[in-house]
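Look at the sequence and the model shown here.

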Amino acid sequence: MELELRHLRAIRTIAEAGSLTRAATRLGLAQPALSAQLKRIEKALGGPLFERGRHGVRATALGELVLERTRIVLPAVNELQREAHRFARTPHEPERLRLGGTHGPLLGALVDRLADAVPGATVTTRASWSERELAGLLAEGRLDFALAGTCGSAAPPDAAQLVWREFAVDPVFVMLPDRHPLAASAEVPLAALAGEDWACVPGDGCFADCFTAACARAGFAPRRMYETDTASCVHLVQVGRAVGLCRATFPSTPGVATRPLAGTPLVWRHVLGWHPAAQAPDTAATVLAEARGAHAGAAARSDSYAHWLAAHDEPAAP
């Protein structure tokens with residue numbers, strides 16, 4: 001019998017489970033079938049891999065040797081499969097750009113700018129609430145570039161495998177009903193909103209924890225947080241049910257005033273990601289430059305952000 005990858009996976013599962021019965025359950029096999037398969041594997045490898053006892057199984061010296069090799073071989077094969085899948089899905093024509101992005105105005109602005117910067121390109125988009133999902137699509141070769149964000153100094157997802165380049169850092173603003181007593185303020189102290197309910201869009205990063213920590217530093221705990229889509233957040237703010245958290249580039253909206261939080265307790269880093277094996281440096285440089293331009297345009301269109309930038313004498317993007 002020739003040794004196959006499924007045999008190595010079976011050996012690893014038996015060692016991890018500590019018994020043939022539990023391993024068979026994980027592998028979706030009957031215990032006698034797994035036991036018979038293990039005997040064939042042991043015969044092919046020249047000796048027993050496990051010692052059976054009252055409390056389960058334990059690897060023999062030969063078993064430890066084989067397990068050590070599986071820790072090298074199986075991850076390498078898995079990576080090979082991912083690389084092959086990514087290569088098969090990656091278009092080799094420079095005219096196609098598949099963009100992903102989280103909620104916000106920058107994805108549309110980037111598409112608009114790329115139409116002029118790369119006029120022959122076919123640009124497609126995919127939106128997601130999840131930065132991790134976007135990173136997975138990049139790793140699988142199903143997206144070429146992704147616009148995402150991280151809170152504070154947090155690392156973007158899958159930073160070891162993907163390239164992420166920061167192209168802007170914004171303060172986090174608050175959305176208030178335009179009739180709110182603090183709507184006329186140049187900046188709003190976070191502590192002044194202690195009695196409010198809150199609304200924000202969902203995500204899988206650390207923003208919720210960072211917000212809770214900022215509130216704790218301001219001396220309160222958020223009373224209620226509604227996580228919902230952007231339109232629902234805006235509606236809750238407009239009707240006075242909540243105040244919202246938003247990016248500083250949030251576009252002007254009837255019935256809503258966006259204001260900076262005093263002292264900038266929260267910041268949002270905009271990043272562009274891609275897989276280094278799938279993108280030419282020139283293409284990546286072009287998309288990154290246009291992402292910076294998209295952010296600068298969004299910042300210029302926000303009166304409240306433009307005023308904040310002027311007051312702090314800071315550029316809109318690095």
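The structure holds one cavity of 30 Å³ or more. On a 1 Å grid over the protein atoms alone, a cavity is a set of points where a 1.4 Å probe fits but cannot get out, and lining residues have an atom within 4 Å of a point. A volume is the space filled by probe spheres set on the points, with grid points joined across faces, edges and corners. The model is predicted: local features need pLDDT of at least 70, side-chain atom pairs count only at pLDDT 80 or more, and totals for chains, interfaces and linings use all residues. Residues are numbered from 1 along each chain as its sequence is written, and side-chain values use heavy atoms, with hydrogens and water left out.

The largest cavity contains about 70 Å³ of space. Its lining includes Gly101, Thr102, His103, Leu147, Phe167, Arg247 and His270. Helix H5 (106-117) and S5 each give at least two residues to this lining; helices (H or I, at least four residues) and strands (E, at least two) are DSSP runs, numbered from the N terminus. By class, the lining of the largest cavity has five nonpolar residues, five polar and one charged. Here Ala, Val, Leu, Ile, Met, Phe, Trp, Tyr, Cys and Pro count as nonpolar, Asp, Glu, Lys and Arg as charged, and the others, Gly among them, as polar.

Next come the pockets. A pocket is an open set of points with protein on both sides within 12 Å along at least five of seven lines. The largest pocket has a volume of about 620 Å³. It is lined by 33 residues, and those closest to its centre are His103, Glu131, Val201, Phe207 and Trp268. Among the elements that give two or more residues to this lining are helix H6 (131-139), H7 and helix H8 (230-238). The lining of the largest pocket has 20 nonpolar, eight polar and five charged residues.

Which residues touch the most other members of the largest nonpolar core? They are Val174, Leu190, Leu193 and Trp198, in a core of 20 residues. A nonpolar core is a set of buried Ala, Val, Leu, Ile, Met, Phe, Trp, Tyr and Cys residues joined through side-chain atoms within 4.5 Å. Buried means under 20% relative accessible area, exposed over 50%, and partly exposed in between (1.4 Å probe, protein chains only). H7 supplies the largest share of this core, four residues. A second, separate core has 19 residues, including Phe167 and Leu288. In soluble globular proteins, nonpolar side chains tend to be buried together.

The whole structure has zero disulfides, a disulfide being a pair of cysteine sulfur atoms within 2.5 Å. Cysteine 200 is in no disulfide either, and the nearest cysteine sulfur, that of cysteine 233, is 6.3 Å away. Cysteine 151 is buried at 6% relative accessible area, and cysteine 200 is buried at 7%.

Two loop residues remain. Aspartate 158 is not a glycine, yet has a positive phi of about 55°. It lies in the loop between strand S5 (145-151) and strand S6 (163-177) and is partly exposed, at 32% relative accessibility. Threonine 264, also not a glycine, has a positive phi of about 50°. Its loop runs between strand S10 (256-260) and strand S11 (267-274), and threonine 264 is partly exposed at 26%.
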